[in-house]
Amino acid sequence: MAHEKDFSTPDQACGTSRRRILGAGSALAAAWALAPAGALAQSKWPAKPVTLVVPFPAGGGTDAFARPMSAQFAKLTGTQLVIDNRGGAGGTLGAGIAAKAAPDGYTLFMGAVHHAIAPSMYPKLDYDIEKDFIPLALVANVPQVLVVNPKNVQGDFKAFLAQVKANPGKLNYGSAGGGTSHHLAGELFKQQTGTFITHIPYRGAGPALQDLMAGSVDMMFDGLGSSAAHIKGGRIKALMVSGSKRSPAFPDVPCAAELGLPNYTVTTWYGLWAPKGTPADIQARVVEEVNRISMADDIKTSWANNGAEFGKLTPAQFGGFVSAEVKRWATVVKASGAKLD
């Protein structure tokens with residue numbers, strides 16, 4: 001390259017050439033000195049481990065996508081993405097913690113559809129998902145699935161529905177907490193089928209699933225991300241996936257439309273945010289790494305096994321998507337009359 005040639009032949013360079021070289025070096029140093037802090041941060045990030053706040057206990061749907069992403073991030077960057085599980089209050093406790101973190105690019109937040117529901121369920125939140133966070137990426141979109149403990153609930157969907165109608169209030173369903181998509185999916189199901197099932201809230205999908213497998217609760221309306229492995233292992237049984245088409249990951253499980261519920265559409269999505277104030281260049285670097293992660297074969301396989309798709313939205317599109325979801329779920333909450341237990 002031209003600069004390499006100039007520096008490699010100093011003895012042949014005349015005084016004028018040397019002055020030009022020194023002048024260029026001084027100008028470059030001055031440019032770096034005057035560059036905004038964010039521009040310098042871009043070349044260094046990540047210079048240390050990055051914390052990813054997951055607002056639910058380990059073993060839930062958010063974990064099912066956060067942990068493979070963490071492993072791939074380490075592989076691509078040589079830096080750890082440390083999962084910090086902060087469960088409680090339907091995912092709002094962890095969100096509040098992440099919102100108050102230093103906006104330096106070393107704390108990120110992996111939230112979910114629950115955080116679009118929370119504004120309609122919790123009268124006082126110490127954060128605003130649209131104002132206190134910067135949307136970065138939609139990392140997974142997963143259909144909701146009705147799963148049951150096969151010892152408590154036997155037969156197919158038709159038999160299950162008959163059992164529920166014959167025993168109002170006697171069967172129960174676990175959720176990741178009041179105001180989560182698990183909760184609202186159950187309320188929507190009750191509304192559309194004219195049934196009554198008792199809601200049992202937990203501190204996350206992981207603990208709820210453990211009790212479902214143990215038989216302490218009868219069913220869950222869960223995202224495939226956290227249920228998939230347990231369905232395949234025979235520990236729980238899937239009776240229905242929401243929406244108008246079957247999941248490629250579980251082609252034998254009928255969809256809601258086939259079972260006479262054409263308007264029962266619930267998806268569990270997971271997204272990545274940064275605290276408000278995070279420098280724009282670091283935001284861009286995070287998005288760049290997420291895009292690289294989405295192309296990895298391990299990630300594609302993991303997402304497919306969980307019946308999930310990686311979102312293909314820009315940060316601005318993801319922000320618009322979240323705003324639309326906040327409005328959509330506000331309508332569902334009002335129509336269903338759902339309340340915190």
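**Figure 1. Helix α11 and the lining of the largest cavity.** Helix α11 (280–294) gives the most to the lining of the largest cavity, with 4 residues. Helices here are DSSP runs of H or I with at least four residues, strands are DSSP runs of E with at least two, and both are numbered from the N terminus. The model is predicted: local features need pLDDT of at least 70, side-chain atom pairs count only at pLDDT 80 or more, and totals for chains, interfaces and linings use all residues. Residues are numbered from 1 along each chain as its sequence is written, and side-chain values use heavy atoms, with hydrogens and water left out. Helix α4 (61–77), like α11, supplies at least two residues of this lining. The lining is made up of L52, M69, F73, L81, L108, L272, V286, E289, V290 and I293. A cavity is a set of points, on a 1 Å grid over the protein atoms alone, where a 1.4 Å probe fits but cannot get out, and lining residues have an atom within 4 Å of a point. The space in this cavity is about 70 Å³; grid points are joined across faces, edges and corners, and a volume is the space filled by probe spheres set on the points. By class, the lining has 9 nonpolar, no polar and 1 charged residues. Ala, Val, Leu, Ile, Met, Phe, Trp, Tyr, Cys and Pro count as nonpolar, Asp, Glu, Lys and Arg as charged, and the others, Gly among them, as polar.

Figure 2. The structure holds 2 cavities of 30 Å³ or more.

**Figure 3. The largest pocket.** A pocket is an open set of grid points with protein on both sides within 12 Å along at least five of seven lines. The largest one has about 390 Å³ of space. Of the 20 residues that line this pocket, N141, P143, K245, G307 and E309 are the closest to its centre. Strand β4 (133–148) and helix α12 (297–305) each supply at least two lining residues, and the largest share, 3 residues, comes from β4. The lining has 9 nonpolar, 8 polar and 3 charged residues.

**Figure 4. Strand β5 and its partners.** Strand β5 (residues 172–175) is covered on both faces: N172 and G174 are buried on one side, and Y173 and S175 are buried on the other. Buried means under 20% relative accessible area (1.4 Å probe, protein chains only). Strands β5 and β6 (residues 198–201) run parallel and are joined by 4 bridges; two strands pair if DSSP finds at least two bridges between them. T198 in β6 is the bridge partner of N172. Strand β7 (residues 219–223) also runs parallel to β5, with 2 bridges, and its M220 stands opposite G174.

**Figure 5. The β-α-β unit.** Together with helix α8 (residues 181–193), strands β5 and β6 make a right-handed β-α-β unit. Right-handed means that, with the strands pointing away from the viewer, the path from the first strand over the helix to the second runs clockwise.

**Figure 6. The surroundings of G271.** G271 lies in strand β9 (residues 267–275) and is buried, with a relative accessible area of 0%. G271 touches F109, M110, G111, A137, L138, V139 and F318, not counting residues up to four places away in sequence; contact means heavy atoms within 4.5 Å. G271 and L138 are 133 residues apart in sequence, and their C-alpha atoms are 4.4 Å apart in space.

Terms used
Buried means under 20% relative accessible area, exposed over 50%, partly exposed in between (1.4 Å probe, protein chains only).
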